[in-house]
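Subject: Structure handover

Hello,

Please find the structure below. My notes on it follow.

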Amino acid sequence: MSTELPFEQPLTELRKKIEHLRRVGLEQNIDFTDELNRLEERYKKLEDEIYSNLGGAQIMHLARLHQRPTTLDYIHLIFTDFIELHGDRLFADDLAIVGGLAKLNGVPVTVVGHQRGKDTKDNIQRFFGSPHPEGFRKALRLMQQANKFKRPIITFIDTKGAYPGDTAEARGQSEAIARNLKEMALFGVPIICVVIGEGGSGGALALGVGNRVLMLENAIYSVISPNGAASILWKDASKAEQAAEAMKITAKDLKELGVIDEILPEPKGGAHRDPALQAETIKEALWRALQELSGMTAEQLIEDRYNKFRNMGRFATLEPV
């Protein structure tokens, strides 16, 4: 399946020319070395120009790319001894949330994250990565267990938002998200969150209350999806690209606003180009953050988390006229 996005078309066309010239040279025994070197140099320069100047809309499309690695991909690449745990012990097992026990460089941790599907059937089973209340309650159950046994918590955020259907509302969607926010704020263990794709709305925030929030270079993170914002602002969801440019949802924007702590670089063209390399980058960042947080007491971790979120807002006081 092609992963080409519209802004990548010039690169695709140039790569086709390079491959065609290389094929002709082999078939007709003609030396095109100089021409190929020039084209390769031109390709690298164009690649740098394109990927170093991506706008919010372009990054949105990269973040949503079907081929981007998922939570389970990263779990198997980063951790060892992973044991997946299922169910919320209240209603059902929501496959849009995965989690369990694992080891990071030998240290026991609890890992929880949103999980998109790999194909149509898988996406239907996983509600396209949009959890029902039982998904958030499963995540909370696993995090409560981690807090009880003093295990650090690592979350992977990758969802357009919580499931918006009436079945989710009937089972207490807003209450489940709110409870996660409240309890995560009070856990006495290190919490590290990583935005790996699209972090949208309360569905993302329900796994996002961490001491450290890391974000991949081509991920997005916002209180509402660009499509949802466009529907509200312009009554037209097709204006999502326009909304994405205005909403400050990229890693660079959010780092400047203090919403995230660190931007993790991606392989040129996106995480899907080299999942193993991307996983190694995430693993190194997780380990650095865990080492930093491991020396804190439970009280210090709670205070650190409190201060982090309290300091996100910016307020201006107007003088009376």
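On a 1 Å grid over the protein atoms alone, a pocket is an open set of points where a 1.4 Å probe fits, with protein on both sides within 12 Å along at least five of seven lines, and a lining residue has an atom within 4 Å of a point. Grid points are joined across faces, edges and corners, and a volume is the space filled by probe spheres set on the points.

This is a predicted model, in which local features need pLDDT of at least 70 and side-chain atom pairs count only at pLDDT 80 or more, while totals for chains, interfaces and linings use all residues. Residues are numbered from 1 along each chain as its sequence is written, and side-chain values use heavy atoms, with hydrogens and water left out.

The largest pocket has a volume of about 330 Å³. It is lined by 17 residues, and Leu54, Gly55, Ile59, Thr250 and Lys252 are the closest to its centre. Two or more lining residues come from each of α3 (56-63), α11 (240-246) and α12 (251-257); helices (H or I, at least four residues) and strands (E, at least two) are DSSP runs, numbered from the N terminus. The largest share, 3 residues, is from α12. The lining has 6 nonpolar, 6 polar and 5 charged residues, where Ala, Val, Leu, Ile, Met, Phe, Trp, Tyr, Cys and Pro count as nonpolar, Asp, Glu, Lys and Arg as charged, and the others, Gly among them, as polar.

Helix pairs

Helix α1 (residues 9-28) packs on helix α2 (residues 33-51) at about 165 degrees, with the axes 10 Å apart; axes are lines fitted to C-alpha atoms, for helices over the stretch in contact, and angles run from 0 to 180 degrees between N-to-C directions. The two are therefore roughly antiparallel (over 145 degrees; 65 to 115 is roughly perpendicular). Their contact (heavy atoms within 4.5 Å) includes Leu14 and Ile18 of α1 and Leu39 and Tyr43 of α2. By class it has 11 nonpolar, no polar and 6 charged residues.

Helix α4 (residues 71-78) and helix α13 (residues 275-294) pack at about 70 degrees, with axes 9 Å apart, and are therefore roughly perpendicular. Tyr74, Leu77 and Ile78 are the α4 side of this contact, and residues on α13 include Ile282 and Leu286. The contact divides into 8 nonpolar, 1 polar and 1 charged.

Phe82

Phe82 is in strand β1 (residues 80-84). Its C-alpha atom is 6.8 Å from that of Gly100, 18 residues apart along the chain. Leaving out residues up to four places away in sequence, Phe82 touches Leu72, Ile75, His76, Gly99, Gly100, Leu101 and Ala102.

Regards

Terms used. Parallel < 35°, antiparallel > 145°, perpendicular 65-115°, else oblique.
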